[in-house]
Amino acid sequence: MTPRKIIIDTDPGQDDAVAILLALASPEDIDVLGITAVAGNVPLPLTSKNARIVCELAGRPDVPVYAGCDRPLGRALVTAEHVHGKTGLNGPVLPDPVMPLQQDHAVDFIIDTVRREDSGAVTLCPLGPLTNIAMAFEKAPDIMDRVAEIVLMGGAYFEVGNITPTAEFNIYVDPQAADIVFKSGVEVTVMPLDVTHKALVTKPRNDRFRALGTPVGIAVAEMTDFFERFDKEKYGSTGAPLHDPCVIAYLLRPDLFTGRHVNVEIETRSDLTLGMTVADWWRVTDRAPNAMFMGDVDADGFFDLLTDRLGRL
Ligand code: BDR
Ligand code: CA
């Protein structure tokens with residue numbers, strides 16, 4: 001089978017980094033056409049730099065990296081240094097990138113690529129706030145019909161929120177963008193906190209990354225070591241959730257995940273619940289389903305896949 005063509009839209013972030021590594025470790029399944037950076041976990045200059053650090057760590061300086069929007073559509077940027085550290089990639093010591101940032105704006109790269117490739121050929125994989133994707137849809141509505149699918153990390157239903165009591169970070173940062181994406185009519189598959197909080201890097205799982213003995217395995221172990229302190233304190237859990245790699249794992253092994261095709265609306269107005277993903281999990285409204293909202297993951301299968309693939313780099 002020919003590899004699936006994807007664009008990774010991202011705000012690295014340690015878990016974004018692991019997602020990028022997983023994709024680049026899987027060339028027979030996934031063809032990464034480009035990586036587009038967005039402001040999120042840390043400001044844009046850092047996310048666009050971190051994406052290149054990760055490509056070089058994977059030995060793939062040929063992957064084009066584009067900088068996109070430096071702030072959400074209609075509000076001030078909220079960042080998450082309290083989780084990811086000052087650089088966004090705190091943990092391992094990694095060299096500054098040598099590979100250049102591409103000249104084009106990420107939004108134009110997304111538009112041009114979706115128009116150039118066959119209709120239905122490009123899957124978008126957002127791992128951060130949805131600003132770049134929404135901007136692309138607003139600027140070039142013709143591409144919405146041509147996108148194969150969007151598989152994103154964001155939102156929550158049973159787990160409710162991680163940045164506010166009711167909102168998950170990626171959706172909260174740019175609810176207006178999320179609203180545009182969920183209303184776009186493009187097929188959306190969602191990896192919410194309900195799934196990612198089951199993908200916990202326990203000590204034995206982290207030891208397996210480290211035991212790979214490679215620069216990638218050691219860097220991944222050090223990254224998760226760093227950001228797990230936050231989640232352990234906050235949730236009392238046994239390890240950090242590896243949110244964003246769930247998106248790439250879904251492309252590789254959809255059978256590891258289960259969910260429901262339901263209606264998902266984004267709260268864009270309420271101060272109290274801004275950015276909430278109102279998922280009609282119990283199908284109690286007549287609102288039309290617009291997203292495949294995942295609810296569960298085979299966590300052991302996920303970590304077996306991840307460790308095996310990272311071991312190739
Ligand atoms: C999401 O927010 C970021 O902190 C992570 O990278 C992930 O994409 C989890 O809420
Ligand atoms: Ca992210």
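1. Let's start with helix H4. Its buried residues pack against strand S1 (4–10), strand S2 (30–37), strand S3 (65–67), strand S4 (122–126), helix H5 (131–139) and strand S5 (147–153). Keep in mind as you look that this is a predicted model.

2. Which residues of helix H4 (residues 106–116) are buried? They are Ala106, Val107, Phe109, Ile110, Ile111, Thr113 and Val114.

3. Now over to ligand 1. Around it you'll find Asp15, Asp16, Asn41, His84, Leu127, Met153, Asn162, Glu168, Phe169, Asn170, His243 and Asp244. Sorted by class, that shell has four charged, five polar and three nonpolar residues.

4. Have a look at the oxygen atoms of ligand 1. A polar side-chain atom of Asn41 sits 2.7 Å from one oxygen atom of the ligand, and for Asn170 the distance from a polar side-chain atom to a ligand oxygen is 3.0 Å. Asp244 has a side-chain N or O atom 2.7 Å from an oxygen atom of ligand 1. On its own, the ligand has 280 Å² of accessible area, and the protein covers 96% of that. Helix H1 (14–24) and helix H6 (169–173) are the elements that give two or more residues to the shell.

5. Last stop: Thr164, in the loop between S5 and H6. Is Thr164 buried or exposed? Its relative accessible area is 16%, so Thr164 counts as buried, the cut-off being under 20%. The Thr164 side chain also reaches the backbone nitrogen of Ala167, at 2.9 Å.

Methods
Residues numbered from 1 in each chain as written. Chains lettered and ligands numbered in written order. Predicted model: local features only at pLDDT ≥ 70, side-chain atom pairs only at ≥ 80, totals over all residues. Heavy atoms only, no water. Near = heavy atom within 4 Å. Polar contact = N/O pair within 3.5 Å; in protein donor to acceptor, adjacent residues only side chain to side chain. Areas by Shrake-Rupley, 256 points an atom, 1.4 Å probe, with all protein chains shown as cover. Helix = DSSP H or I, 4+ residues; strand = E, 2+ residues; numbered from the N terminus. Nonpolar A, V, L, I, M, F, W, Y, C, P; charged D, E, K, R; others polar. Buried < 20%, exposed > 50% of the residue type's maximum accessible area, 1.4 Å probe, protein only. Contact = heavy atoms within 4.5 Å.
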